[in-house]
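Colleague: I have just opened this one. Could you walk me through it, a question at a time?

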Amino acid sequence: RRVLFRSVQVAAQCRRGQHANGDRPPANQDSFSMTTTRDDRALYVVCDGHGPLGHLVAFRVAQSLPRLILAALEYEQTLAENVIAKAFEAANVDLTQFAANWDLDISASGTAVTLALRQRDVVHVAWLGDARVLVATVVGDDSRVDLMAKSHTPAEPAELQRLTRQGAEIGRETQKQGFTGH
């Protein structure tokens, strides 16, 4: 879906989460970045980390995605959708290398990601994991939701089927913390 924008306003709010048992994790595991360029582009990335090192994973991905996406757009003549997809893969490689360089075990950690790339008056959105995208239009007192994406979790039947086809084993944790991949 193509949505044209004349003016974009952005706000960010970040709060430390809470485990299902009511305990607070030791660190806020959210990270975000807002990057603008001289050629009328902007990239907004929000990462919601999870696991023991989720704060580091989210921080690293929030740093690497803008660099990877904007560099590729500058030097490649390809669709933004393809650049974003390749950047997700490259960010995973970068994260793995980062963890190896610092001897970090991130096997039980990760991040959900939501991003919006604005190129002049066109916005591309992408999301990964249990994050979702909401695109809305607000003009004066009138407002409407243009897009409310479904999260990519095994709770969604289509996503569960996709994960299973890829070889994932999905089980439920006993402490009501959602799904975990094995």
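Colleague: Which residue follows α2 with a positive phi?

Modeller: The model is predicted, so local features need pLDDT of at least 70, side-chain atom pairs count only at pLDDT 80 or more, and totals for chains, interfaces and linings use all residues. Residues are numbered from 1 along each chain as its sequence is written, and side-chain values use heavy atoms, leaving out hydrogens and water. Helices are DSSP runs (H or I, at least four residues), as are strands (E, at least two), numbered from the N terminus. After α2, the phi is positive, near 55°, at aspartate 103.

Colleague: Within what arc do the buried residues of α2 fall?

Modeller: Buried means under 20% relative accessible area, exposed over 50%, partly exposed in between (1.4 Å probe, protein chains only). Among the buried residues of α2 are Val83, Phe88 and Leu95. Seen down the axis, using directions from it to the C-beta atoms, the buried residues line one face of the helix because they fall within an arc of 145°.

Colleague: Is threonine 114 buried or exposed?

Modeller: Threonine 114 sits in strand β3 (residues 110-119). Its contacts (heavy atoms within 4.5 Å), leaving aside neighbours within four places in sequence, include Tyr44, Trp127 and Val133. Its relative accessibility is 16%, so threonine 114 counts as buried.
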